[in-house]
Amino acid sequence: MIRYQHGLVFGKFLPVHQGHVALVDFAAMQCERLTVSMSVTPDDSIAPELRLDWLQRLFHYYPHVEIVQEPDDFHDPTLPLVEATRLWADFIRWRFPTVDVFFCSEEYGTPLAHHLGLPCVYFDKQRRQVPISATQLRANPWAHWHYIPPTVRPYFVKKICLFGPESTGKSTLSEALATYFRTTYVPEMARLLLQSNDITVADILAIGHAQTQEVTQQERIANKLLFCDTDVITTQIYAQHYLGLVPEVLIQLERQVHYDHYFLLDIDLPWVADNLRDLGHRRDEMFSIFKAELEKRQLPYTLISGTWDERFEKIKHIIQTLFGI
């Protein structure tokens with residue numbers, strides 16, 4: 001039932017959570033037009049562009065909802081709430097002069113309504129319907145995973161890269177760890193795309209793009225963790241080995257994905273040959289190259305050695321320690 005002409009919902013959305021979604025849904029059903037205003041400061045812990053994209057994707061199905069981004073240069077945290085909301089009211093009157101109602105779930109609603117001379121419609125003020133806050137999510141997103149919209153979850157997914165030369169257990173471990181932690185994994189795309197080691201530049205570029213795209217695809221459905229069998233640095237290493245060059249595109253693709261931790265797998269497992277592995281006689285050399293690439297970039301990594309079972313248990317324990325899962 002439409003009760004108001006122009007409603008307003010505002011906040012920092014750091015991050016957007018299901019409580020925000022429910023609030024906007026509640027407001028949208030009561031307004032001819034609804035503005036969702038995202039406040040931005042230079043110190044925000046999550047980039048404004050990312051939060052704006054989340055909001056636009058979450059509410060794209062509402063033709064009457066407008067998402068805007070506004071600099072928060074009017075709030076004075078040193079003031080009591082009654083005085084601080086007076087400044088908020090001045091901004092709202094200037095920026096949104098046609099607003100005739102605002103919606104919120106916070107204590108500031110009453111003093112702000114007084115200063116604005118407009119009604120505040122509260123939604124779930126006691127947080128019974130959606131018992132979550134952005135502060136709680138930032139403190140421990142995994143404990144409140146079900147309150148994070150699927151659109152937002154990739155931001156909080158921790159990406160783990162299994163890294164190292166041939167025949168060190170990367171593929172087996174990636175799949176096994178994903179199964180244990182009830183999530184998904186990214187396979188080594190080179191193994192899906194190559195039939196032999198007669199590699200061309202086109203092959204290398206295809207592998208780099210496919211590896212990057214698969215990470216993007218899988219993190220959308222990952223459950224808190226995403227295990228990756230190799231990365232684009234690996235593609236660069238083999239480009240240098242087989243072609244004597246590293247295409248600039250691979251450098252650009254490397255910058256697109258951030259891994260939260262690397263596990264460098266040692267070469268103390270028995271060598272197992274297959275149709276793509278041809279560097280068994282150069283394992284020490286290749287291991288040194290992989291290690292040097294991590295250290296050159298100052299990437300966080302843990303060296304993992306031992307049997308397959310020992311590797312699995314070590315990695316599992318380190319992940320549980322590092323990420324509290």
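Helices (H or I, at least four residues) and strands (E, at least two) are DSSP runs, numbered from the N terminus. The exercises below concern a predicted model.

**Exercise 1. Place Ser-105 in the chain and describe its surroundings.**

Solution. 
Step 1. Ser-105 sits in the loop that joins strand 4 (101-104) to helix 4 (109-116).
Step 2. The cut-off for a buried residue is under 20% relative accessible area. Ser-105 has 14%, so Ser-105 is buried.
Step 3. Leaving out residues up to four places away in sequence, Ser-105 touches Leu-23, Tyr-122, Phe-123, Asp-124, Lys-125 and Arg-127.
Step 4. For Phe-123 there is a polar detail: its backbone oxygen is 2.6 Å from a polar atom of the Ser-105 side chain.

**Exercise 2. Compare the span of helix 13 with its expected span, then find which of its residues are buried and what covers them.**

Solution. 
Step 1. Helix 13 covers residues 308-323, which is 16 residues.
Step 2. From its first C-alpha to its last, helix 13 reaches 22 Å, close to the 22 Å expected at 1.5 Å a residue.
Step 3. The buried residues of helix 13 are Arg-311, Phe-312, Ile-315, Lys-316, Ile-318, Ile-319 and Phe-323.
Step 4. An α-helix has 3.6 residues a turn, so residues three or four places apart point the same way.
Step 5. The cover over the buried residues of helix 13 includes strand 6 (158-163), helix 7 (170-180), strand 8 (225-229), strand 9 (261-265) and strand 10 (301-304).

**Exercise 3. Locate Val-130 and Val-257, and state whether each is buried or exposed.**

Solution. 
Step 1. Val-130 lies in the loop between strand 5 (120-122) and helix 5 (134-139). Its relative accessibility is 12%, so Val-130 counts as buried.
Step 2. Apart from residues up to four places away in sequence, Val-130 touches Gln-18, Gly-19, Ala-22, Asp-124 and Tyr-147.
Step 3. Val-257 lies in the loop between helix 11 (248-254) and strand 9. Its relative accessibility is 15%, so Val-257 counts as buried.
Step 4. With neighbours within four places in sequence set aside, Val-257 is in contact with Lys-159, Thr-212 and Val-215.

**Exercise 4. Describe the chain as a whole.**

Solution. 
Step 1. The chain has 13 helices and 10 strands.
Step 2. Its radius of gyration is 25 Å, whereas a compact globule of 325 residues would have one near 20 Å.
Step 3. Along the principal axes, the C-alpha atoms fill a box of roughly 80 × 40 × 40 Å.
Step 4. Of the 325 residues, 51% are buried.
Step 5. Among contacts between residues at least 6 apart in sequence, 73% join residues at least 24 apart.

Note on methods. Residues numbered from 1 in each chain as written. Predicted model: local features only at pLDDT ≥ 70, side-chain atom pairs only at ≥ 80, totals over all residues. Heavy atoms only, no water. Expected span 1.5 Å × (residues − 1). Buried < 20%, exposed > 50% of the residue type's maximum accessible area, 1.4 Å probe, protein only. Contact = heavy atoms within 4.5 Å. Rg over C-alpha atoms; globule rule 2.2 N^0.38 Å. Polar contact = N/O pair within 3.5 Å; in protein donor to acceptor, adjacent residues only side chain to side chain.
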